[in-house]
Amino acid sequence: MNTFSKPLLTALLVGVGLCSDAFAQKAEVIHWWTSGGESAAIKQFADAYNKAGGQWVDNAIAGGDNARAAALNRIAGGNPPTAAQFNTSKQYHELIEAGLLSDLDNVAAKGNWDQWMPTPIKNVIKVKGRYYAVPVNIHSFAWFWYSKAVLNKAGVAEPKTEAEFWTALDKIKASGQVAFAQSGTMGYERGTFSAVLLHMGGRDLYNSIYEKRDVNAIKSPAFKTVLEKFKKLHAYTDAGMPTRTWNDTTALLVTDRAGFQIVGDWAKGEFINANKVAGKDFGCFQGWGPKAPYMVSGDVFVLPKSSNKDVIKAQELLASVVTSPAAQVAFNNKKGAIPIRPDVEASSMDICAQAGVAALKDPARQTPDPSMLVPPDVFGAVGDVITKFWNTDMKPEDAQNRLVAALVSK
Amino acid sequence: MKLPTRRPAWSAHAALIPMGTTVLVAYIAGILWTVRISFTSSKMLPKSDWVGLKQYEVLFASDRWATDMVNVALFGVTFITGAMVLGFLLAVFIDQKVRFEGVFRTLYLFSYSLSFVATGVIWQWMFNPTLGIQQSLRSWGWENARFDWITSQDMAIYCVVIAVLWHSAGLVMAILLAGLRGVDEEIAKAAQIEGIPRWRYYLSIVLPQMGASLGTCLVLLAVAVIKVFDAVVAMTNGGPGDATDVPTKFIMDNLFERQNIGLASAASTTMLITVLIIIAPLMYARSRSEKNA
Amino acid sequence: MSTDIPSMLSPRPSVQWFTPGRIGIYVFLISAALFFLLPLYVMGVTSIKPMVEIREGNIFQFPLAMTFEPWAQAWSSACTGLQCNGISVGFINSVQILLPSLVLSIFLGSINGYALAFWKVRWGHWAFSVLMLGAFIPYQVMMYPLVRMFAWADIFQSITNIVLVHTIFGMPIMTLLFKNYYGGLPPELFKAARIDGGGFWRIYFQLMVPMSLPIFVVATIMQTTGIWNDFILGLIFAGREHYPMTVQLNNIINSTQGEKIYNVNMAATLLTSLVPLAVYFVSGRWFVRGIAAGAVKG
């Protein structure tokens with residue numbers, strides 16, 4: 001482009017921009033999707049929103065805590081963003097109680113959310129009969145991933161039952177390889193524990209611990225067994241586990257240096273970035289059997305309350321765009337998560353995502369992630385107990401007592 | 001040493017107005033607000049109810065908080081001693097009219113220019129037994145080399161000490177060097193003529209004269225100890241278990257992720273009172289000696 | 001240990017090389033240098049390795065296929081969200097935030113230290129005690145009341161806001177630095193200046209400032225590092241249009257759910273540290289012996 005036309009073009013674009021500014025619904029969105037893959041995903045939303053006549057103003061801040069702190073302080077300072085990302089959980093419920101969020105009943109009614117929204121998600125976005133958050137994806141923590149090369153070397157196939165899983169771990173360890181890769185950060189130790197509780201303890205026990213927070217369940221022999229099984233996994237880990245991040249841990253599977261890892265479906269990005277193919281280089285399963293429970297979590301946008309008509313219009317447009325089928329598929333394919341709507345075309349997704357979609361179709365399998373059942377401080381207290389139990393020689397009975405203190409009477 | 005003036009120095013009062021305003025509007029208000037919140041049941045947003053000492057009860061019943069206090073004490077003693085000794089030695093040795101003084105000085109300060117996050121990440125790699133020093137020693141032939149402190153419940157905290165020491169010793173050196181250079185060179189020459197050995201000269205003559213810079217360093221290091229957070233998070237995230245957990249991390253976790261600002265405020269207030277108990281006698285003694293001088 | 005007689009004619013005593021003492025000095029300094037250099041070496045080497053080597057290889061290994069791509073990416077094309085313009089985006093903002101904050105925080109710190117060290121302001125010492133207590137409070141604890149106050153004053157999220165915040169949080173340490181330094185000076189200096197008829201400001205500008213260059217240098221080093229590397233205060237108080245470089249850096253390094261591109265991360269971190277480093281390098285000229293000592297004699 002020669003030097004003459006550039007200023008002209010710029011002027012033209014500025015002019016057009018100024019004009020369209022008056023008509024476009026400006027939406028400033030705070031979120032924490034900053035990596036390459038995540039940015040590619042959020043771009044799908046931004047493009048869809050801009051195409052629908054809006055103007056997406058991106059405010060990406062890495063780290064969930066940072067992004068949420070920024071959003072909260074903006075709300076406290078009287079200068080809220082149009083939308084802010086939170087996890088599908090109880091993180092934003094206090095904002096609802098304080099009357100600081102717009103309700104979305106208009107959009108929900110138009111989109112028939114009542115009909116198809118998965119129940120665990122509906123339960124945390126619909127409070128006192130009104131919708132207060134827009135879910136944008138479904139993630140799941142309790143996935144088991146494995147490196148096919150490592151399993152092949154140990155002469156093991158994908159375990160179809162829990163018993164086969166333990167046998168597989170033994171065989172991989174016997175073959176001189178690292179059987180179980182675990183991240184040393186508390187959130188991921190707790191995640192492994194919750195997955196073990198769900199898939200080895202069963203859905204009922206999981207619910208009585210996290211949902212009902214029943215003292216008797218926590219002190220039961222069945223739960224003690226779960227704790228013992230969780231601790232048993234420790235023997236299959238490697239020396240580099242303490243303090244290692246989850247990405248460095250998944251990297252072990254990607255480079256065929258460890259067998260299994262329990263981690264959320266965001267780990268898929270690590271494999272894909274290294275050009276590994278699901279079903280060929282690595283495998284994935286969530287629990288065992290056709291009725292295995294499927295842990296549900298994810299992300300939502302909340303919309304801080306405003307009396308400004310333009311802001312309200314922008315928020316409604318945003319909510320309807322991000323929940324539309326096309327945007328859902330585009331976003332979640334890049335994100336490695338699953339669309340919130342069941343009525344989407346699953347064939348373009350990889351086999352792990354397809355398995356997730358299939359599992360979600362059965363309401364009996366949908367299980368809320370612990371953060372959707374307990375408030376953040378209780379969830380944190382549980383994590384403190386679990387990490388200490390995992391890293392020291394604390395007895396299961398001791399852990400049970402401490403979990404009672406953490407979970408009950410709060 | 002302070003010269004009392006006979007009449008009030010209005011310019012001095014006026015010049016201190018920004019400090020007074022800051023203290024009143026930011027610090028006193030902030031401290032009072034924190035203390036007030038510690039008596040409420042505030043979760044994510046501040047509430048103005050009253051629950052008495054309930055947050056403090058939860059705090060002191062917390063096994064994690066008890067471990068945190070022990071950890072920060074261990075960290076503090078080791079780190080402050082190490083940083084003062086290393087910083088002093090570096091300053092003294094650099095002061096020996098060495099060649100390339102500028103290069104050495106910049107080298108030792110380089111690590112200070114990095115954020116604590118970067119420091120934590122790099123030392124996490126170095127200490128990781130399968131990635132870092134242990135792994136390298138083994139791959140170079142030393143089959144049974146062991147350096148897995150970071151995986152140990154007892155030793156992990158010292159890994160954090162080493163990392164933060166690496167980061168901050170350069171600053172201690174810089175401050176002590178500035179103080180060192182304020183000591184009259186004539187005395188050095190006189191000491192040399194007298195035949196006093198160099199090390200004796202530094203220990204018995206120079207050190208006592210460096211009270212100001214030593215005091216500054218001690219306070220800076222103490223502040224760094226109480227506030228140590230980013231390095232811990234980046235390096236070990238408080239782990240393994242709670243072996244490297246520190247009070248500031250407890251406060252941050254409850255302030256943000258756990259949405260429990262009532263508990264976080266109780267923890268902050270407790271830390272503040274602890275600091276007050278430790279430094280108040282020192283400051284009182286200092287102001288007494290200043291009055292008498 | 002040294003056997004030469006200091007000559008009164010030469011500006012400094014001559015030094016004998018290669019005595020055991022001298023060798024010992026250099027051994028110590030070089031060992032210390034290795035301690036400080038080793039992690040930096042790892043950072044540097046990682047920043048010029050391709051990801052494949054980082055995943056598979058040893059952290060100390062020199063890259064087989066060296067590449068400076070990560071540095072280019074870190075500066076201008078790494079993704080920090082929808083924008084993929086690296087950390088260069090925030091550079092100007094960081095400078096805009098740094099310069100006024102530096103000037104204000106150091107100026108106020110030196111005035112405070114000077115007034116507290118030499119002048120009788122009784123409430124000043126109480127205020128200073130509160131300030132020292134406040135130094136121990138983590139910033140985030142005081143964030144909410146400050147946010148409300150700045151919002152009420154209608155300057156929330158602006159350059160003014162962030163400059164004031166840096167000044168507020170820098171005041172305890174800066175005041176301490178100067179108070180201790182001025183307190184360590186011989187009292188005769190100030191006495192003499194007062195007898196000469198100097199007032200508060202005249203003594204400050206004509207006597208104290210020239211004499212405290214080393215401590216101004218130390219203050220500059222500390223504040224430049226602290227303000228340039230600050231993330232959380234800039235995130236909350238500067239506003240989206242004025243985000244400092246550390247916000248982009250955080251987006252590159254701390255992305256929660258993507259693959260960690262370690263080489264770009266390290267390159268970005270090293271790039272960010274270049275500004276404080278340049279300050280250290282340039283400041284060397286003022287670490288000269290005898291500035292304070294010279295003033296005593298003169």
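Which residues of strand β10 (residues 282-285) of chain A make up its covered face, and which its uncovered one? F282(A) and C284(A) form the covered face, while G283(A) and F285(A) form the uncovered one. This is a predicted model, in which local features need pLDDT of at least 70, side-chain atom pairs count only at pLDDT 80 or more, and totals for chains, interfaces and linings use all residues. Residues are numbered from 1 along each chain as its sequence is written, with chains lettered from A and ligands numbered from 1 in the order in which they are written.

**Strands in chain A**
- Strand β7 (residues 143-147) of chain A runs antiparallel to β10(A), and four bridges join them.
- S147(A) has F282(A) as its bridge partner in β10(A).

**Where chains B and C meet**
- On chain B, 87 residues are in contact with 84 residues of chain C (C-beta atoms, placed from the backbone, within 7 Å).
- Helix α2 (residues 17-37) of chain B gives the most to this side of chain B, with twelve residues.
- The residues of that side of chain B comprise 53 nonpolar, 25 polar and nine charged.

**Helix α6 of chain C**
- Helix α6 (residues 143-152) of chain C has M143(C), Y144(C), L146(C), V147(C) and F150(C) buried (20 or more other C-beta atoms within 10 Å of a residue's own).
- These residues lie on the same side of α6(C) because they cover an arc of only 165 degrees around the axis.
- The buried residues of α6(C) pack against α3 (64-76) of chain A, α2 of chain B, and α7 (159-183) and α11 (232-237) of chain C.
- Just after α6(C), D154(C) has a positive phi of about 65 degrees.

Technical notes: Contact = placed C-beta atoms within 7 Å. Helix = DSSP H or I, 4+ residues; strand = E, 2+ residues; numbered from the N terminus. Nonpolar A, V, L, I, M, F, W, Y, C, P; charged D, E, K, R; others polar. Buried ≥ 20, exposed ≤ 12 C-beta atoms within 10 Å, placed from the backbone. Pairing = 2+ DSSP bridges. Arc of directions from axis to C-beta.
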